[in-house]
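Open the model in your viewer and keep the selection tool at hand. The tour goes from pockets to a cavity, then to rings and a helix.

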Amino acid sequence: MIVAENLHKVYRRNADQIVVLKGISMEVNQGEFVSIVGASGSGKSTFLHLLGTLDRPDQGAIYLDHRRIDHLASKERDRLRNQTFGFIFQFYHLLPELTMLENVVIPAMIGSSIWKWWGKRKEVHKRAEEILKRVGLGHRLRHKPRELSGGEMQRTAIARAFMTKPRILLADEPTGNLDIQAGQQIVQLLRDLNRSEGVTVIMVTHNLEIVSSADRLVRMVAGSICEEPRDSQEKYDNHSSFAIKTHLPLGV
């Protein structure tokens with residue numbers, strides 16, 4: 001469904017160049033839950049941002065249903081991000097002055113004209129309430145971010161990401177600010193939504209304790225990508241057991 005071909009990305013600062021991605025290729029099918037793991041600076045977040053058209057590759061191409069999307073015009077990319085992709089970030093990015101319900105409604109509001117929004121606002125608010133109840137926050141509709149725990153804020157961010165019924169959910173370190181228990185609950189919630197809604201989930205993380213929830217494990221090292229064959233994957237008991245496993249280059 002979504003295909004990345006030979007992606008390269010270099011960041012430049014004055015005369016310095018930082019090579020972040022070195023020719024990454026990967027395919028993700030509809031309904032898959034893919035976990036991308038790697039150390040800080042390995043390029044996993046940059047890769048996710050390219051897939052979601054938040055940034056453009058310097059070389060290579062990205063296709064969604066055989067349609068190239070990395071070189072679309074700005075308005076087309078905006079529409080794609082609003083209607084096709086859902087985003088979850090490590091730092092939640094909730095608006096502090098709004099309630100949880102208002103935060104969740106925002107994507108639907110942005111994707112509508114004034115007149116269209118006025119006509120469907122009640123329906124949208126009802127859907128937002130239903131989603132918040134589904135993620136366990138039906139009792140927090142009128143609360144503001146400062147009144148919630150980190151896990152509750154991340155659940156709100158997930159609800160917001162699902163507001164426009166996206167086909168693909170891109171999660172960038174969704175458990176990075178949470179303790180182990182809260183992080184496991186968030187990943188389980190993503191897995192439940194992946195199975196029940198059929199939404200594709202691509203999650204990047206450095207937390208090796210949660211990767212066993214994924215259908216497929218991809219490892220990034222210094223801007224390159226390796227993939228563990230699914231039939232040989234095991235649950236990783238500790239960091240050292242992950243480090244000594246052999247990873248095959250994607251496509252081998």
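A pocket, on a 1 Å grid over the protein atoms alone, is an open set of points with protein on both sides within 12 Å along at least five of seven lines, and its lining residues have an atom within 4 Å of a point. This is a predicted model, in which local features need pLDDT of at least 70 and side-chain atom pairs count only at pLDDT 80 or more, while totals for chains, interfaces and linings use all residues. Residues are numbered from 1 along each chain as its sequence is written, and side-chain values use heavy atoms, with hydrogens and water left out.

**Stop 1: the largest pocket**

Select Arg81, Asn82, Phe87, Pro107 and Ile110, which lie nearest the centre of the largest pocket among its 19 lining residues. Two or more lining residues come from each of α2 (74-83), β6 (85-88), α3 (100-110) and α5 (150-161). These labels follow DSSP runs numbered from the N terminus: helices are H or I with at least four residues, and strands are E with at least two. Colour α2 next, as α2 gives the most to this lining, with 5 residues. The volume of the largest pocket is about 520 Å³; a volume is the space filled by probe spheres set on the grid points, which are joined across faces, edges and corners.

By class, this lining has 8 nonpolar, 7 polar and 4 charged residues. Here Ala, Val, Leu, Ile, Met, Phe, Trp, Tyr, Cys and Pro count as nonpolar, Asp, Glu, Lys and Arg as charged, and the others, Gly among them, as polar.

**Stop 2: the second largest pocket**

The second largest pocket holds about 320 Å³ of space. Select Ala108, Lys120, Val124, Met163 and Thr164, the closest to its centre of the 16 residues that line it. α2, α3 and α4 (114-134) each give two or more residues to the lining. Which element has the largest share of it? The answer is α4, with 7 residues. The lining of the second largest pocket has 4 nonpolar, 5 polar and 7 charged residues.

**Stop 3: the cavity**

A cavity is a set of grid points where a 1.4 Å probe fits but cannot get out. The structure holds 1 cavity of 30 Å³ or more. To find the largest cavity, select Leu48, His49, Leu54, Phe87, Ile88, Phe89, Leu170 and Asp172, which line it.

**Stop 4: three rings**

Show the side chains of Phe85, Phe87 and Phe89, which ring pairs link into a cluster. Rings of Phe, Tyr and Trp (its six-membered ring) pair if their centres lie within 6.5 Å; planes under 30 degrees apart count as stacked, over 60 as edge-to-face and the rest as tilted. The structure holds 2 aromatic pairs. Phe85 and Phe87 are 6.2 Å apart centre to centre, with 45 degrees between the planes, and form a tilted pair. Phe87 and Phe89 have their ring centres 6.1 Å apart and their planes at 0 degrees, so this pair is stacked.

Is Phe87 buried or exposed? Phe87 is buried, with a relative accessible area of 15%, whereas Phe89 counts as partly exposed at 21%. Buried means under 20% relative accessible area, exposed over 50%, and partly exposed in between (1.4 Å probe, protein chains only).

**Stop 5: helix α6**

Finally, select α6, residues 180-197. Its buried residues include Ala182, Ile186, Leu190 and Asn194. The buried residues of α6 pack against elements including β3 (33-37), β7 (168-172) and β8 (200-205), where contact means heavy atoms within 4.5 Å.

How values were computed
Expected span 1.5 Å × (residues − 1).
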